[in-house]
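Open the model in your viewer and keep the selection tool at hand. The stops below say what to select and what is there.

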Amino acid sequence: MEWLRRQRYLIDYSLSALARRPGKHLGLLLVYTLIVFLLASVMLFTQSLRREAALVLAESPEIILQRQVAGRHDLMPSAYLEKIGTIRGVAAKYGRLWGYFYDPAVRANYTLLVPPESSTQHQTPAPGEIAIGAGIARTRGLAVGDYLSLRSARGEPFSFRVASILSQSTELVSSDLMLLSADDFRRFFDYPEDRVTDIVLQVRNPREVRKVAGEGDASPCRTPARSCARRSCAPTTPSSAGARGSSSCCWGRCSPSPSSPPTAPRA
Amino acid sequence: MRKSDLFLATVSTASALLLLSALDASLRARASVEIIAERSALVAALDLTDLALFTEARYTRHPSQADLHSAFQDHPMAIEHFPSGSLVPAPKRILDLAQP
């Protein structure tokens with residue numbers, strides 16, 4: 001009790017001393033409070049995003065093969081799927097079709113994506129129809145049954161009927177998504193029939209991902225390429241955080257073709 | 001009322017509120033299990049790779065899919081075009097590749 005009484009006297013004395021210059025000390029208290037508030041908010045928000053990304057992106061593809069020409073991404077020939085052959089440990093391999101579209105009406109980019117054929121949860125929209133993320137629906141004021149008109153790569157107007165809107169609770173990963181059929185995607189972007197955006201390799205055993213990624217790089221695709229292996233990356237950005245987002249890249253060890261000089265990425 | 005009483009009451013109230021916020025976070029985490037499962041299912045179904053945090057540049061929309069050159073696509077010394085580029089660094093594995 002004696003100790004507590006002494007502490008209270010000390011607090012009384014300290015507060016009386018601080019109250020002699022109330023403006024200065026209240027200002028300091030306000031500044032310190034704001035600094036702690038800002039730093040704590042940023043740290044908590046960043047940490048929550050990292051954790052969310054680690055949980056949500058755990059199911060993203062194990063390995064993604066991309067093609068590079070002169071230091072820039074290039075479309076991947078579909079024939080590479082067969083040329084890559086059967087790599088031991090790979091459960092499935094298929095090409096992805098996706099890209100970006102800048103909508104001048106809202107000054108924002110959409111991510112146009114063709115759902116993989118293996119997707120059972122999200123059926124590929126019928127020709128002329130799209131499924132959009134909640135962010136696009138909100139920004140453009142769209143509802144199911146409305147039409148969205150965009151200008152295609154050839155400058156022609158392209159009308160899509162909104163068949164469905166992705167769940168608002170998945171907006172963190174789907175806000176700007178626009179799902180459409182492969183035919184619509186190719187016609188809209190004037191996309192070559194024999195090309196895909198990149199190639200997905202699914203690996204059953206997580207411990208084999210790095211080895212398979214190495215074999216994917218060394219496959220006879222005869223082009224500078226890189227593979228992004230999901231399970232071997234370190235947490236970095238909010239989006240690829242938590243050691244699960246696909247960000248680990250084993251840069252190309254493919255033999256460059258005579259017509260395309262090696263373009264190994266540099267710092 | 002002594003000043004120390006007022007001070008101790010303020011500190012006690014703030015501590016109680018901090019504990020309540022931690023409790024609230026814990027309860028919300030349990031409630032959000034279904035939402036996370038739904039997002040995870042969408043990622044698996046559509047082969048998504050990144051969170052849709054920023055849409056203005058491809059290296060901030062899909063940092064895991066961009067290459068080392070994307071932020072400097074116009075010129076090696078080009079100034080960053082997009083504000084979000086200063087908020088989303090390149091993935092650590094790519095930055096590690098830049099180390100000698």
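Start by selecting I130(A). Leaving aside residues up to four places away in sequence, I130(A) touches P125(A), L148(A), F160(A), R161(A), V162(A), A163(A), S164(A), M178(A), L179(A) and L180(A). Keep in mind throughout that this is a predicted model.

In soluble globular proteins, nonpolar side chains tend to be buried together.

**Chain A as a whole**

Now select chain A and colour it by secondary structure. Chain A has seven helices and 14 strands. Of its 267 residues, 45% count as buried. Among the contacts in chain A with a separation of 6 or more, 69% are between residues 24 or more positions apart. The accessible surface of chain A is about 14,300 Å², and carbon and sulfur atoms account for 57% of that surface.

**Chain B as a whole**

What pattern does chain B follow along the sequence? The pattern is α-α-α-α, with four helices and zero strands in the chain. Chain B has 100 residues, and 31% of them are buried. For contacts in chain B between residues at least 6 apart in sequence, the share joining residues at least 24 apart is 40%. Its accessible surface comes to about 6,100 Å², with 67% belonging to carbon and sulfur atoms.

**Where two helices meet**

Select residues 22-56 of chain A, which form helix α2(A), and residues 33-46 of chain B, which form helix α2(B). Two packed helices are described by the angle between their axes and the distance between the axes. Here the axes come within 9 Å and cross at roughly 55°, so α2(A) and α2(B) are oblique to each other.

Show side chains for the contact. On the α2(A) side it is made by E52(A), L55(A) and V56(A), and on the α2(B) side by I36(B), R39(B), S40(B) and V43(B). By class, the contact of α2(A) with α2(B) has four nonpolar, one polar and two charged residues.

**Two residues with positive phi**

Most residues other than glycine have a negative phi. Select R107(A), which is not a glycine but has a positive phi of about 55°. R107(A) sits in the loop between β5 (98-103) and β6 (108-113) of chain A.

Then select D47(B), which also is not a glycine and has a positive phi of about 55°. D47(B) lies in the loop between α2 and α3 (58-61) of chain B.

Are these two residues buried or exposed? R107(A) is exposed because its relative accessible area is 71%, over the 50% cut-off. D47(B) counts as buried because its relative accessibility is 4%, under the 20% cut-off.

**Last stop**

Finish at A70(A), in the loop between β1 (63-69) and β2 (72-74) of chain A. With a relative accessible area of 61%, A70(A) is exposed. A70(A) and A182(A) are 112 residues apart along the chain, and their C-alpha atoms are separated by 28 Å.

Note on methods: Residues numbered from 1 in each chain as written. Chains lettered and ligands numbered in written order. Predicted model: local features only at pLDDT ≥ 70, side-chain atom pairs only at ≥ 80, totals over all residues. Heavy atoms only, no water. Buried < 20%, exposed > 50% of the residue type's maximum accessible area, 1.4 Å probe, protein only. Axes fitted to C-alpha atoms, helices over the stretch in contact; angles between N-to-C directions. Parallel < 35°, antiparallel > 145°, perpendicular 65-115°, else oblique. Contact = heavy atoms within 4.5 Å. Nonpolar A, V, L, I, M, F, W, Y, C, P; charged D, E, K, R; others polar. Areas by Shrake-Rupley, 256 points an atom, 1.4 Å probe, with all protein chains shown as cover.
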